[in-house]
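Please look over the sequence and the structure below before reading on, and keep both in view as you follow the paragraphs.

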Amino acid sequence: MKIFRIFAFATFASLLQSCFNSDDHIFDEAEAIDIKIDASLAKNITEVTSGVKADTFQVNDTVYFITTISPNKIIKVQDYHWLMDGNYCSSEYNFKKQLTEPGHHKFTFVLKDHFGDMHYDSLDVWVADNPILNDSVFTPANGTQAIDPFEAIYFTWSAKTEGIKLNHHYRFTLSEQDFANTDSKFEKIDTILYEPNFTFHNKLNQFKKYNWSVQAFNEYNFASSQKIESSFYTKGFPGEGSLQATVDIGQAISVPMHLLLQDKDDSNKHFDFDFRLTSTNNEISLGIVSAGTYQLTLRSDYSDFGTIEKEVKINEGFVTIAKDLKLVDSIAPTIVSTTMQDSLDFADTLQFIVKDGSGAISAQNISVHLENELIFDRFYKDSILTVVLKETDKSWAYRILSISATDGSKNVFNKSFYIMPSILWFTTNNDTTISSNGLINMFIRESNPFGFAVDTMQIFNVTKNKFLISVPNVNTNSFSAELEATLFEEQQTLKSIVIYKNGLRQSKKWNLYVKKGGF
């Protein structure tokens, strides 16, 4: 037993000595390495060797972060990572990151070596967003009235770039409003300013509307998404005011107008204006008007637009604004044939009257179709539309001719006409002249090549709007009748008609003249 205790103690002593004598935990100067860290950043992968320590980026830009370890990255380390503003960011030597938060950010690469020593290198990144322009607080406020045109005018506003202190510059414009009835002679101001204010010392015109605008830019020329677009009105001398109106003309492109402003207390005091409103400029300004209560009458030279009557009050020193004036053309053009009929005989040229009460219709706004075929051979002048048909357009059946016209207010009217059969399967009378004591033989001889059965043959007096002859249930394909001249007027138009049992119908017009006293 004693021998066993001696052996155990010797073994423990031997283990303990081997633990304290291990070379693994004794500092060896030969193993010491001078570690150097070099962190850098780049805007794209082609610039990773530029060694930039600080730079400015725009929001949502992607930045490449690069780490160089000397002597190399194979050295023994316990840990390495990146910090962004003191918080863990990445565990890679090199990585990329999209920057979304404006302002200044500190990126630090941290390395803990084999002996527990810490090594650092830091980068500075500024993220510049587009500047923010305060588009709700500025002077003069939008719609400000009674600005003295002979005194200095002060414009002020404010802007900033979030999270970073940057200088800003501003594009400032000032212009006088153009109206449909008057052109501005004010020379527009368009300038760059380096302070958020502007003072205008020159003289402005009385009772005019002025528009001004501002947009902000920072040192990196990033523009604000906001833009101040404001306006103000100048005043005139005591006892004076003005009227500015916006007139809704619908979809019209150009409308001639007449405006009468009649003083309700003095019939001798009135103002007359003639001008033209357009789709791009439908505002008018009456300039200097004596203060008072007036009857406003606004009408167009185009009958489709009607008239507006409204009482308006002109206040001293102010511009009365009227925006509820609506003068809209909702009446479509008219389309009729020159014969005033909807069923037309086939002819080489057909004519139609195409008119509108809101001015001339452009030829480009008229289209003509025969069935589904667009007809290009047409002419339009002085409200007369001439349509040219081809020989190949002839048919033994009715054909539909469609005309569409669009006026200046985008009102559309479509009209269809029936072109009667131009290839007849029957023969009948042509234009005929008889004496007042003579006779006329009226006839129809049908010979269609398809074997269509005839149901009824008729001769119709178009002039008197009544039938002369109607033969139903025809057993043969022809008939004739001899009639005295005393049954007729001196001149009339007749129509010979054949109706088939399958529903088809053909007709031909011809004229009959009765000459008094014989030939």
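Which residues does Lys394 touch, not counting residues up to four places away in sequence? They are Phe346, Ser422 and Ile423, where contact means heavy atoms within 4.5 Å. This is a predicted model, in which local features need pLDDT of at least 70 and side-chain atom pairs count only at pLDDT 80 or more, while totals for chains, interfaces and linings use all residues. Residues are numbered from 1 along each chain as its sequence is written, and side-chain values use heavy atoms, with hydrogens and water left out.

Lys394 lies in the loop between S32 and strand S33 (399-406), strands being DSSP runs of E with at least two residues, numbered from the N terminus. With a relative accessible area of 30%, Lys394 is partly exposed, a class that lies between buried (under 20%) and exposed (over 50%), using a 1.4 Å probe and protein chains only. The side chain of Lys394 also makes a polar contact, at 3.0 Å, with the side chain of Glu391; such a contact is a pair of N or O atoms within 3.5 Å, of which, within protein, one must be able to donate a hydrogen and the other to accept it, and residues adjacent in sequence count only if both atoms are side-chain atoms.

Strand S32 leads us to a sheet. The open sheet has four strands in the order S26-S28-S32-S31, with antiparallel pairing, and two strands pair if DSSP finds at least two bridges between them. Strands S26 (334-337) and S31 (378-381) stand at the edges, each with a single partner strand, so one side of each is left without a neighbour in the sheet.
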